[in-house]
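Below is a set of questions and answers on one structure. Please go through them with the sequence and the coordinates at hand.

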Amino acid sequence: MEHTAELIDWSRAQFALTALYHWLFVPLTLGLTFIIAIMETIYVKTGDLWWKKTTQFWMTVLAINFAIGLATGIIMEFEFGTNWSNYSWIVGDIFGAPLAIEGLMAFFMESTFFAVMFFGWEKVSKKMHLISTWLVAIGSNLSALWILVANGWMQHPVGMTFNPDTARNEMHDFAAVFFNPNAVSKFLHTISSGYVLASVFVIGISAWYLIKRREIMFAKRSIIVAASFGLITSLFMLSSGDKSAFEVAQNQPMKLAAMEGLYEGEERAGIIAIGLLDKEKELGDKKEPFIFSLEIPNALSFLGYHSLNAFVPGIHDLVYGNEKHHIMSVSEKMKEGKLAVSALSDYKTYKKEGKDTKAKDALQNFRAHEKYMGYGYLKSPKDAVPNVALTFYSFHTMVGLGTWFLILFILVLYFAMINEIEKKRWLLYAALWSIPLAYVAQECGWIVAEVGRQPWAIQDLLPVGMAASNIASSSVMLTFWLFAVLFTGLLIAEVKIMLTQIKNGPEVH
Amino acid sequence: MHHLNNIYRLYYDGFKSMKIGKKLWLLIAIKLFILFAIVKWIFFPNVLKTKFDTDAQRSTYILEQLTQQKE
């Protein structure tokens, strides 16, 4: 079924809006739970009540973030059933198991131990309380695992078979889905970025206290824990980012090309450190893609293929093919896709007519071409190209900010260790203003992941146009604005409650 | 029984002694009400469940969607 571009755009916009708002709340929970667990561990080890107060303050901040963010993700589930019903049906069996486990895990681990963590200070032993705090941290991160396994599958579908009788993908290898390299690298990179955001958050708020010359001891202690945690996890984030890029190069080369604005493939390809894309550049013309750029030689070949001399295909190679490097053109894939769609149609007809032998042949034909089934729905080879500018700038903003956070952690930790952090007012302001930047980096990461994989809802198998429900675009538009208002209200509430709490300080939490 | 009482006291005393938590619970309750009682109910029906009664009908519909572009 051909849906209107307007309907697809509104459905995508609504999903993007809810996902981006939801992700304003999640990463802080992922990281802050671990920072709190570390602080409480120090309290239990030393018996120093200052650490208990410090832990309790950050726990209150966590509670605010958790309460406001709670159930914001459920809206995406609503959208699956209404705006993306074709997609939901087709992937149902793949998503069902991970999301059911996520639901159970989130409910039992987070809800149970969350209560002990908040209410149990005087009710359970120190050791039991500490275990609960660690279990909240582990539980919240494991919840993210299942969602990211599902997302990783959409980016690199493995471990399933499309059933032509039910029109559903059926899981035949849970291990392949769970250990999908795309899911593993995505999970590690996502949670480590959450740790970095939480570290920047704790350092930024603590810097504000130091700027105001309040809560000095509390702020310095918080800074040392958060900067140490942030530094270690930043290094981990770098290595998981490298793994992610490697996976993208193997399974989503178009995304990698868009991330780097690479139109013509090359050996020994470099990474653009800083660049300004030429808006006039179009696929197939001879214009240079950049108005200006600074390049790190060989770095893209190394990042994508772990070889300094490797050939990295550009957008042109991927759309029009490259014989020398055995890259199939999108036109050829579209032919394959149409054969798959046609064979599926024949199979359906023959089954209905009871012609089993012909149905068997049609199924065999379908299996021979189904790898490129999604291409059968594209109108033009250029439809396989995502929004290059948005992907490129989001990727470079994310990487640039990630580098800045690493430098920030080193500087803050150094000056905190030599007890001069209070004197470095410029650094305190830089730390404070890095809080919004950490959120920008998070959102950019998801834009790279999701915009960069367009037009696919499921890589190579189902384009977003086929994934959407056939409903009125006006109703999607209406709920888009409804969510925009609701989420903005929640965000304002969070910021307001949190700022009040921070202004009150750790003594009166 | 003793354990059940302890668990009850943990939640009862915890909720009772909450300060900012009361405001947060109120916010959660309002949010959940809006999401489930209004948004989900009015604006987000499950399209396939509403349109069709059985999985077989849903499969047929999706297969039609997937194969309508046959050349």
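Q: At what angle do the axes of helix H1 (residues 5–46) of chain A and helix H17 (residues 473–504) of chain A cross?
A: The model is a predicted one. In it, the axes of H1(A) and H17(A) come within 9 Å of each other. The angle at which they cross is roughly 15°.

Q: Are H1(A) and H17(A) roughly parallel or roughly antiparallel to each other?
A: Angles under 35 degrees count as roughly parallel, and those over 145 as roughly antiparallel. H1(A) and H17(A) cross at roughly 15°. The two helices are therefore roughly parallel to each other.

Q: Is the crossing of H1(A) and H17(A) left-handed or right-handed?
A: The angle between these two axes is roughly 15°. The crossing in which H1(A) passes H17(A) is left-handed.

Q: How do the residues of the contact of H1(A) with H17(A) divide into nonpolar, polar and charged?
A: On H1(A) the contact includes A:Leu7, A:Trp10, A:Leu17, A:Tyr21 and A:Leu24, and on H17(A) it includes A:Val476, A:Phe480, A:Phe483, A:Phe487 and A:Leu491. A:Glu6 of H1(A) also takes part, and Glu belongs to the charged class. The division is 13 nonpolar, five polar and one charged.

Q: How far apart in space are A:Leu491 and A:Leu24, C-alpha to C-alpha?
A: A:Leu491 lies in helix H17 of chain A, and A:Leu24 is one of the contact residues of H1(A). In sequence the two are 467 residues apart. Their C-alpha to C-alpha distance in space is 8.7 Å.

Q: Why does A:Leu491 count as partly exposed?
A: A residue is buried with 20 or more other C-beta atoms within 10 Å, exposed with 12 or fewer, and partly exposed in between. A:Leu491 is partly exposed because its number of other C-beta atoms within 10 Å is 16.

Q: How are H1(A) and helix H7 (residues 181–211) of chain A oriented to each other?
A: The axes of H1(A) and H7(A) are 7 Å apart, and the packing angle is about 75°. Angles of 65 to 115 degrees count as roughly perpendicular. H1(A) and H7(A) are therefore roughly perpendicular.

Q: How many charged residues are in the contact of H1(A) with H7(A)?
A: H1(A) contributes residues including A:Val26, A:Pro27, A:Leu30 and A:Phe34, while those from H7(A) include A:Ile191, A:Tyr195, A:Leu197 and A:Phe201. By class, the contact has 13 nonpolar and four polar residues.

Q: Which element gives the largest share of the side of chain B that touches chain A?
A: In this contact, 33 residues of chain B meet 42 residues of chain A. Two or more residues on the chain B side come from each of helix H1 (2–16), helix H2 (20–43), helix H3 (47–51) and helix H4 (55–67) of chain B. By class, that side has 18 nonpolar, eight polar and seven charged residues. The largest share, 13 residues, comes from H2(B).

Q: How far apart are the C-alpha centres of domain 1 of chain A and domain 2 of chain A?
A: Chain A is divided into domain 1 (5–252 + 386–508) and domain 2 (262–385). In the contact between them, 18 residues of domain 1 meet 20 residues of domain 2. The C-alpha centres of the two domains lie apart by 31 Å.

Q: Which element gives the most to the side of domain 1 of chain A that touches domain 2 of chain A?
A: Helix H8 (216–251), helix H14 (388–417), strand E8 (462–463) and helix H16 (464–467) of chain A each supply at least two residues of that side. Its residues divide into 15 nonpolar, one polar and two charged. The most, four residues, comes from H8(A).

Q: Which bond joins A:Gln454 and A:Pro455?
A: A:Pro455 is placed in the loop between helix H15 (425–451) and strand E7 (456–458) of chain A. Omega is about 15°. The two residues are joined by a cis peptide bond.

Q: Is A:His306 buried or exposed?
A: A:His306 is in the loop between helix H10 (299–305) and strand E6 (311–312) of chain A, and its phi is positive, near 55°. The number of its C-beta neighbours inside 10 Å is 11. A:His306 therefore counts as exposed.

Technical notes:
Residues numbered from 1 in each chain as written. Chains lettered and ligands numbered in written order. Predicted model: local features only at pLDDT ≥ 70, side-chain atom pairs only at ≥ 80, totals over all residues. Axes fitted to C-alpha atoms, helices over the stretch in contact; angles between N-to-C directions. Left-handed = near helix turned anticlockwise from the far one by under 90°. Contact = placed C-beta atoms within 7 Å. Domains from an automatic or database assignment.
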